[in-house]
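Hello,

Here is the structure we talked about handing over. Please open it and keep it beside you while you read the notes below.

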Amino acid sequence: MSETNSDRQRRGDRESAFYLFTQQRLPACKPVLTPPWVITIYFLVGFIFVPVGLFTLRASHSVVEIEERYDIECVPSQFRNDKVSYIQDDSVPKNCSLLFKVDKYMKAPIYIYYQLENYYQNHRRYVRSRSDQQLLHGRNFHGTSYCQPLESSNNRPIVPCGLIAWSLFNDTFTFIRGKALLKVNRTNIAWKSDRDHKFGKNVYPFNFQNGTWIGGGKLNPRIPLSNQEDLIVWMRISALPSFRKLYGRIEEDLDVGDYVVVQLMNDYNTYSFGGKKKLVLSTSNWLGGKNDFLGLAYVFVGSSSLTVAIVFMLLHLRSQR
Amino acid sequence: MAKGKIRAKIRRSQLYTFACGKRCAGAGPHPIEGPGCSRVVHCNQPHMHRKKPLKYRSNYISTTKYNFLTFLPKSLYEQFHRVANLYFLAAAILSLTPLSPFSAVSMIAPLAFVVGLSMAKEGLEDWKRFMQDMNVNSRKIQFHKEEGVFDNKQWQQLEVGDVVKVEKDNFFPADLLLLSTSYEDGICYVETMNLDGETNLKVKRAMEVTLSLNEDEIFKNFTGMIKCEDPNPSLYTFVGNLEYCRQTYALEPGQILLRDSKLRNTSYVYGVVIFTGFDTKVMQNSTKSPSKRSRIEKKMDYIIYVLFSLLLVISLISSLAFAWKIRFQMPKWWYMRPDNTEDFYNPQQPLVSGLSHLVTALILYGYLIPISLYVSIEVVKVMQASFINQDLLMYDDDTGIPAQARTSNLNEELGQVDTILSDKTGTLTCNQMDFLKCSIAGTAYGVRASDVERAAAQQMASDLAQDETKSSTSSKSGKLDIELETVVTSKDENVHKPTIKFFSFEDGRMTEGNWRNEPNTDMIMLFCRILAVCHTAIPELNEETGTYTYEAESPDEGAFLVAAREFGFEFYKRTQSSVFVRERYLASGPTEREYKILNLLEFTSKRKRMTVIVRDEDGQIILMCKGADSIIFDRLAKKGKLYLEDTTKHLNNYGEAGLRTLALAYRKLEESEYSAWNNEFQKAKTSIGSDRDIMLEKVAEMMEKDLILVGATAVEDKLQKGVPHCIDKLAQAGVKLWVLTGDKMETAINIGFACSLLREGMKQICITTLESDSKEAIKENIFMQITNGSQMIKLDKDPYAAYALIIDGKTLAYALEEDMKFMFLGLAVDCASVICCRVSPKQKALVTRLVKEGTGRVTLGIGDGANDVGMIQEADIGVGISGVEGMQAVMASDFSVSQFRFLERLLVVHGHWCYKRISQMVCYFFYKNIAFGLTLFYFEAFTGFSGQSVYDDLYMILFNVVLTSMPVISLGVFEQDVSSDVCLEFPTLYQQGPRNLFFDWYRILGWMGNGLYSSIVIFFLNIVIFYDQAYRVEGQTTDMAILGTIMFTCIICAVNFQITLIMTHYTWIQHVLIWLSVIAWFLFLFFYGMLSPTYSKNVFLILTEALAPAPIYWTTTLLVTIACTLPYLAHISLQRCFQPMDHHIIQEMKYLKKDEKDQVMWKREKTKAREKTKVGFTARVDAYISSLGGKLNRKTRSLEKNQENPS
């Protein structure tokens, strides 16, 4: 289609951005995935991912982790067939001890986790059953209907209300190396933002675990919620039905060959639903805990990318278009 | 009234032998009784029709879909007719219950937006229609008020029985009975363009008895009663009687003036209103404007069904599992207080839990069926439409009218058109005939080339130039000569602009009286006289310029008269019995000659010839005849074949050049011979009875023989600008073109030639009707013709043999009947071009429907007149030609362009783009929502199927609205696989649309599979990586908010990265939108986290405190993004390398700048990419070249020889 000069003049500035936009002629980059490009991309991905993967794997291997399941061993043999009655019987002593052998040098801080399995903290009923406002503002806050069925007992509000708080994990652990008690730091295990902004400094537990049914742990009514770090950690609900939560930090190095005896109170009931309980000691680095999978995945993606690149190159060489 | 025009007043009925010769004498009144004939009209007594039972519909018309009351319910019904909308409505209602996992607003607001937007659009369109109706309804018309006084009133106030006076060039406001006209003999001319698209004027004739009613005062005492048929859509029939002055007269269709036709060449007419408003024949012919949906949209419904099934399946799985868990596991979960629950979680009632959870699950997984898809599509389509509207290359500089997408629903449908059904007049042609060439006494005159010749010359020139580069340069100059020889006519095209309308003839031997120096002066004179005398036109003197213009029945005739005038034979006056011609260049000086018209046997489509018998001033009786060459050649005398051979050759050339031809012949008559014949003729003329016509014809036949051939004319039916080129490109793009025209078969065939739909060497299958009384016999015969045609095509061994099907309206009526239509369609589909002539508006619509439903392909109807409205509405896409008078076609259309040639760009560029954009966009949309939605489902499995979502509510709302919508929209609006120039250079690319390569189930399911893969990768990589370990150096483990956020980050990155792989065209807009979307997510996370925990809840400070400092967050995001997209990248690059599609190759060539560096290759690819066509310019030029080939080769060789042996 030819255009005359007058047209051009009338249409004004043909190079103006608006003109180019409306005529869909904006300058554009049109990359085309030609074989050299594709091969380059795949090699590039491969050459980045494999080293990153190896690096990550090394980091993962440098983490030392000791894990011990204790829910069965802590049940006295006479109760092994009926663990639920054991845990529900208050007259049976719940104390128990575990022995950890340190195989690798563990540098402080060593993180102590308890791990629960088959425990649905992420169940919709459970997740909803809390009141963030009450945690922050205390029992003066009344819109706590989500906390049903643990909104109130004896006609008085429960602080903190809801299933989550009510089912607070209450096994306790003490660590002994040789003869000496290992110092366990149990502060700063919760997120700072939770302590500072989500749990009230002036909110104290009230009417908690006072009902006919006692769930998990009790809270010291004289300590404000913002300092009840176990509760704060517990109330960060886990994403998956098996999860670890931070219990504390051992701030001493553990040497190879050290034996750590753990004295624990096995109070928490996971026997009803067959949930495992584990205790984990782990060091950490930039990667966090032990995480081989990430590194392996990187290596896998990188190497398959390299394979594709090579296959592609061969195919391309064989049938040049 | 036209200024300065003087017209001779004559009784024109005398001119006509066949059409108006009939007298109603003898034919008694119709027996009017029984059902279907109950209408009674009291003429001039409209008050009789104000109460029952004679109260008829008013003349108010409305073409709107809704009115104020019905708009809301009706348009809501339309909206919720869509499967998806209905589903969303259900979801929105359910979200009001406490079972919903999300807030109700997040479900209702988008639905309201989508439905509201669509309804507003509908309302606006309907409002436009209403305004147009108002415009028509308030037109003014003169009616008989009382006591012989005429007054104006609006059309809508007109009542049955009113006497109205319609003036020249005005439309008739209702169906009228013609009473009298400004001509004494009650004739008037009517243009029925809007009814049937025919451009020649029709003669209507009032009854003898009412002829006297031709003055205002006379109507004072006029009364009469009409009994007639009930309203019906048949345009060509009318049954009724007029009771007037105590006598009953039969009425005929020839006395009925139909609404929407126009009075022409007649100062005024009087008429009585018989049918008003919706009772009129034209309104009865109108069809409801349908709401159209594109194929992609319809297919999307099926995708929705698939996804809905998927949704149901996973919801059922969820709810079954949930019920099972509630029943058997919940009692053990003491921490959830199974003893104290509401119904939903009650272990005693797993059935209730299961059912209510089904609702929750349906809403939760609702992300599989994205409502935002519809919002995005609406937005994208509106923007695409605005690009169409703003395209300057579809803007007509002459009229200042741009192309317009009147509805944005069908943009992508433009890219899938398989068959175009086109009107002829006003669409393909300008309806302007130019006298271009003639052959007189075996000598061809006229050097200007027709469009076809010019194009052929250009094509050959470029082909030669191409050959040249390959062959030795030695023959260069020699070839140039040939080139010049053929192109010379096209070169001087630019110098000469035709200054005289209807006359593009150019030959110094003929003009300016130079023909006197030609050898056959007598024959030339005779030729010009035939042109000047043998016609039915009347001259009109334009006083301002002093020249004559001619009001002719057909534009051909006008062109002949202008030609005769230019040759020096100016027809300037017609009286009742004579034609006066001013002959300028005679040897004896300018003289005015009178030719007494003795008989006039006019043109009918059956006779295909027109004859006048005149007596000139010398008393010589001459019969002059013009007609189709075959008809004339059959009637030549032995001694009249002197020039037959040469003329035939010329006629063939003209035909090849796409011109309309007529042969001219004459015969000198002896007085005695004539009078003997005339007696017979008069006897036949006055005979009564049904065989009158046959007798007349027989008698006429007796005279029209022993003719002497004079020559032939070639008239170019001026095609609209660029039509042949456009048709050619569309043919190369693989689009079929059917021409549906109201015109005569010959005209249609000529146009077929002119726009290269037909060419020499194409086998024409003409299907016509026998003249037979029995319907069975006719059908039998048509059946035979169709079978024969199909057989012929089937048995043809030549794969390049091209067939053309030509069928006329009468035959079409039979062929469209239930038992035959698919046979007919089968034949038509096998033919390269199809031309239907003399079709009524209804038939146009029926043919369109047949093609649409019979082939299942996308049809596009294009036309300019009201007679095309049915076709435009029936076709999948209706295109109206705007800028001509009458907006009906445009109003009914989905797109309007001002010229046919813009169709090329509309389809090949915009259609292609829009199709690809929308289909890629929709595929991607489903991909991203599946990738996202399924992660929700997987997560359920880890929450005991409780219906807990891992993501924050706000993430989910923002996902489709903000975080991924912009890149999708930019894909839908800006993506270009190749630039518009390349689209036009490679029309074959267009075939990707009709073949539906980008939205077939393979591709859709492929994308869904990709979504499934991505969802699995995203979810399970994240789950395993963040299973239970600490993820930070401070030893924290993830919680639900953190894991959800990480996963969501992965999704955002993966889907946005995925879209970069789909796009191939990045302007800064795409860059900004894609990267902004990713950045927006982090910004959102940052700012949302900064809000007080009252609002941000678990997201509080999540980015700054929990995620950003953890390297694993970033490395995981990178890993997942790459892992999601690598397989797709491998797929597309493998495909591109080993099974490249057309656009891949072109992209690559463009990318490597092959078009600049390697011209030869570029050109070769271009030729290769041409779809093998059988119609269109290119095919024709190929044929033309091959026919010239031999000649040319010889010439070239001799030239080469000459150069090799220089003297």
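**Confidence in chain A**

Chain A has a mean pLDDT of 88, and 95% of its residues reach 70 or more. Keep in mind that this is a predicted model. One stretch needs care. Residues 1-11 of chain A have a pLDDT below 50. Beyond near neighbours in sequence, that stretch has twelve contacts in the model. Where pLDDT is low, the predicted coordinates should not be read in detail.

**Where chain A meets chain B**

How many residues does each chain bring to the contact? Chain A gives 89 residues and chain B gives 100 residues. The size of an interface is often given as the accessible area lost when the parts come together. Between chain A and chain B, the buried area is about 8,600 Å². Carbon and sulfur atoms give 61% of that area. On the chain A side, Gln24(A), Arg124(A) and Trp191(A) lose the most area to chain B. Together they make up 10% of what that side buries.

Now the polar side of the interface. The rule finds three salt bridges between chain A and chain B. One of them to look up joins the side chains of Arg25(A) and Asp981(B), at 3.5 Å from N to O. There are also 30 residue pairs in polar contact between the two chains, counting pairs with both residues at pLDDT 80 or more. Which element of chain A gives the most to the side that touches chain B? That is helix H10, residues 292-318, with nine residues. The residues on this side of chain A divide into 46 nonpolar, 26 polar and 17 charged.

**A sheet in chain A**

Next, find the open sheet of four strands in chain A. Its order is E2-E10-E6-E7, and the pairing is antiparallel. Which strands sit at the edges? They are E2 (95-101) and E7 of chain A, and each pairs on one side only. Strands of a sheet pair through backbone hydrogen bonds, either parallel or antiparallel.

Follow strand E6 of chain A, residues 172-177. E6(A) pairs with strand E10 of chain A, residues 259-265, over six bridges in the antiparallel sense. In that pair, Arg177(A) stands opposite Val260(A). E6(A) also pairs with strand E7 of chain A, residues 180-181. This pairing is antiparallel too, over two bridges. Here Ile176(A) stands opposite Leu181(A). E6(A) and E7(A) form a hairpin with two residues between them. In its turn, Gly178(A) has a positive phi of about 60°.

**Backbone details to check**

Two peptide bonds deserve a look. The bond from Ala108(A) to Pro109(A) is cis, with omega near -5°. Pro109(A) is in the loop between E2 and strand E3 (110-116) of chain A. The bond from Val159(A) to Pro160(A) is also cis, with omega near -10°. Pro160(A) is in the loop between strand E5 (156-157) and helix H7 (163-166) of chain A.

Then turn to chain B. Cys245(B) has a positive phi, near 50°, and is a residue other than glycine. Where is Cys245(B)? Look in the loop between strand E10 (240-244) and strand E11 (247-251) of chain B.

Best wishes

Methods. Residues numbered from 1 in each chain as written. Chains lettered and ligands numbered in written order. Heavy atoms only, no water. Contact = heavy atoms within 4.5 Å. Buried area = accessible area lost by both parts, 1.4 Å probe. Salt bridge = Lys/Arg side-chain N within 4 Å of Asp/Glu carboxyl O. Polar contact = N/O pair within 3.5 Å; in protein donor to acceptor, adjacent residues only side chain to side chain. Nonpolar A, V, L, I, M, F, W, Y, C, P; charged D, E, K, R; others polar. pLDDT = per-residue confidence, 0-100. Pairing = 2+ DSSP bridges.
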